[in-house]
Amino acid sequence: PQPQPQPQASALQRHFGAMLKRLEKERRLHAKRGDLAAERRSCCELAQAWIDEGKPKKGLGVLIEASHLAGGEQDSMLERNFGDVNRALGKKSEELKHRQNHLAVATKQLDDVEMQRAYTMLGNTYLHHLQPEEEDEDD
C-alpha cells in the first residue's frame with residue numbers, strides 16, 4: 001500500500017507557525033542579552049498570538065512566565081494581556097481585576113496612551129459583562 005500524503009498546512013497555519021518561531025527567537029535573544037523588559041514584551045506578544053489562535057491556556061502559561069520575569073514590578077502590558085487571556089477563558093472576575101490593574105498601573109506611570117487603552121478595555125469589559133449569557137434555543 002502507498003503511504004498517504006500528509007495534508008498541506010494552510011497558508012494561515014504556516015504564517016502562524018512562522019510568527020511563533022520569530023517571537024520565540026526574539027524572546028530567547030532578549031533573555032540571552034539579559035533584557036528582562038524586552039523579554040517580557042516578547043512574552044506578551046507571544047501570549048497574544050496564542051490567544052488570537054484560540055489557545056488561551058498556552059497564552060496563560062507564557063504570561064505566567066512573563067510575570068516571573070517582572071519580579072513583582074507592575075507592568076501595564078502584562079496586566080492588559082492577563083485581562084485578554086481571562087476573557088478568552090471566560091473568567092469574568094479575573095478579567096475585570098486585571099483590567100482595573102491595567103488602568104491603575106498606566107495611571108501611576110502617567111502613560112496617556114496606555115491609560116486610554118485601559119479605559120477603553122475596561123469599558124468594553126463592563127459592557128461584555130452586562131450582556132446576558134447566551135441560552136440554549138430549547139429553553
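The model is a predicted one, in which local features need pLDDT of at least 70 and side-chain atom pairs count only at pLDDT 80 or more, while totals for chains, interfaces and linings use all residues. Residues are numbered from 1 along each chain as its sequence is written, and side-chain values use heavy atoms, with hydrogens and water left out.

Cys43, at 0% relative accessibility, counts as buried too. Across the whole structure, the search finds zero disulfides (pairs of cysteine sulfur atoms within 2.5 Å). For Cys43, the nearest cysteine sulfur is that of Cys44, 7.0 Å away.

We turn next to a pair of helices. Helix 5 spans residues 92–108 and helix 6 spans residues 112–130; helices here are DSSP runs of H or I with at least four residues, numbered from the N terminus. The two pack with axes 8 Å apart and at an angle of about 160°, taken from 0 to 180 degrees between the N-to-C directions of lines fitted to C-alpha atoms over the stretch in contact. Helix 5 is therefore roughly antiparallel to helix 6, a label for angles over 145 degrees.

Residues in contact (heavy atoms within 4.5 Å) include Leu96, Arg99 and Leu103 of helix 5 and Met115, Leu122 and His129 of helix 6.

How values were computed
Angles under 35 degrees count as roughly parallel, over 145 as roughly antiparallel, 65 to 115 as roughly perpendicular and the rest as oblique. Buried means under 20% relative accessible area, exposed over 50%, partly exposed in between (1.4 Å probe, protein chains only).
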